[in-house]
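Dear colleague,

I am handing over the structure below, followed by notes on what was found in it. Please read the notes with the structure open beside them.

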Amino acid sequence: MTVWKRTPALRLRPRVLGAALASLIISSALAAVEKTDAARYREHVKVLAANRMEGRGAGTRGLDRAGHYLEQEFKRLGLQAAGEDGTYAQSFLVTTGARLRGGNSLVVTLNGAEHKLRLRDDYIPLSFSSVGSVSGPVVFAGYGASAEAFGYDDYTHFDVKDKIVIVLRREPPAFQEKSGRQGPTPHSHLITKAINARNRGARAVILVNGNLGKGEQDLLLRFEKLAGPEDVGIPIVQVKNAVAESWFQAGGASLSQLQREIDEKSEPRSRALPESLRLSLQVNIEKLRSKVHNVLAYLPGKSDEYVVLGAHYDHLGRGGVNSLAPSQTGQIHHGADDNASGTAGLLELARVFSEERAKPERGILFAAFAGEELGLLGSAHWVSHPTLPLNKAVAMLNMDMIGRIQGGKIYVGGVGTGSNLRSLVEGAVTRHELTVDYSASGYAASDHTSFVTQRIPVLFFFSGLHSDYHKPSDTWEKIDSAAAANLLDLVAEITEQLSAGERPQFVKVEAETRGPASPSGGGGYGPYFGSIPDFGQVENGVRFADVRPGSPASKAGLRAGDVLIQFGETPVKNLYDFTYALRRSKVGDVVEVKVLRGGQTVSASVTLEQRR
Ligand SMILES: [Zn+2]
């Protein structure tokens, strides 16, 4: 599963018991049921989560080894190759990072004098910048925002075609008030600003921090830390405030003063900078790419329609930006639950169905996706380059993290996306001693989302988040294979019914209300605290899965395992409380916090710092 950018969108509703009716429709559908072998399942998990697989990170030999293992298993079962060119593999390129190459430069010509800025000291390209050279005159476009809903547009009556546009970070303070949100609006996202400038014909974007809060420094963003699209379609660099201010002052203006005027009146102050100012910008970035593979096998049915069973087999490798144990970067993140558990389930279901003597009515596609942790890339690639006709796919069933079922409780998402899915699942569940929390929507941080966007009904099987999520400690011996086998029997039964029965009609379900969104490309909002919340705990405080070394939280003596219950004046019941309280704070604030540690309440003073 990709990192939860928000609290899981599972609106928990009590299970509805339809036992009496459901038991009447057992019929022939039980043929493959209760054949899942927990011991075999466990072996697959063990293999996939072994050190040899190196955490199955994109671009590692470990991921290729895992893919090869899946292919061998599918072959052994006699399943048809369903990848490209008669193979089991479908390859695609993923971007695993970016690196600054030689040849970045920013040369300022002012009143005939040329001045070369220093990379990383005066300016820095952003990782999603286009590569290339541009030069031209410079204009100021405020926050670079076109916010019709708030009656504000920095580009009204202001032509920036073929100009280099300076924009401020963040947004006018009034946006947040007007939006009624407790946090910045999308107009503050760097990518929104870049695309807005690009669409208006600008040649490049220069970003500046602008006026700083108390205790805040004028820092350049860290190139390596930024996430975003591969290439936003326009060169974009950040310069230090002092650099930009000198350009404004050459024209008798003040950037700082202009920003104050915008903020006070919520009116744009866009303007051209002196004619004698010219910038010459060259951005040279290398995208680090790797070839990865989806592994695909097919069991033909009597008709050309088919059911997709899917699970992603990639994980985080040795950590990286999505690790929730940043202090353990470099260690293998085994990903036994995420998602060796689902992948092993896919293999076990492939065995169960391939050993059936009777041909299924509809076929079954077994799809092991790569690139999921980088943003559902493998499934997105498959639906845009399907190796079987997409309109013949009757439903997609996704297994992502199914190995840690506790007390027989599972989550099934997507039950609203197909006309008969909910009743189908409810009917089957009664025979498997499982309790289900249902979610109607088919949008979540895993691969079935790629299918629901193609109007294919989906079901998502999930056993819940836990403290080992996205950490090296997600290891094979913590997997409950007997419980997972029970769930697989349920998935098998549902698959059989979808293979034989009425084709579900797609139903559009709006995504459930989301929690605090994580903006892309901004390096985070609000001051820096330094704790990593434990996604396994969602109530009565925020447990720290980890604390970043050298962070404000760490300096204040807070540790992994502490449960935050008070942040300044705010009692903290959950992650929302904490997120909002942190956003309302400022860099430099000293916040009294209370945590629970081993039954004791411990107080600490945390001095909030600037994110860098
Ligand atoms: Zn994950």
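In this predicted model, the axes of helix α3 (residues 61–76) and helix α8 (residues 336–354) come within 10 Å and cross at roughly 15 degrees, where axes are lines fitted to C-alpha atoms, for helices over the stretch in contact, and angles run from 0 to 180 degrees between N-to-C directions. Helices here are DSSP runs of H or I with at least four residues, numbered from the N terminus. The angle makes α3 roughly parallel to α8, a term kept for angles under 35 degrees, with over 145 counted as roughly antiparallel, 65 to 115 as roughly perpendicular and the rest as oblique. On the α3 side the contact (heavy atoms within 4.5 Å) is made by Tyr-69, Leu-70, Glu-73 and Phe-74, and on the α8 side by Thr-343, Leu-346, Leu-347 and Ala-350.

A second pair is formed by helix α10 (residues 421–429) and helix α12 (residues 481–500), whose axes come within 10 Å and cross at roughly 135 degrees, and the two are therefore oblique to each other. Here Leu-421, Leu-424, Val-425, Ala-428 and Val-429 of α10 meet Leu-490, Glu-493, Ile-494, Gln-497 and Leu-498 of α12.

Apart from its neighbours within four places in sequence, Leu-397 is in contact with residues including Val-307, Leu-309, Phe-461, Ile-494 and Leu-498.

From C-alpha to C-alpha, Ala-482 and Val-595 are 37 Å apart in space and 113 residues apart in sequence.

As to conventions, residues are numbered from 1 along each chain as its sequence is written, and side-chain values use heavy atoms, with hydrogens and water left out. Local features need pLDDT of at least 70 and side-chain atom pairs count only at pLDDT 80 or more, whereas totals for chains, interfaces and linings use all residues.

Kind regards
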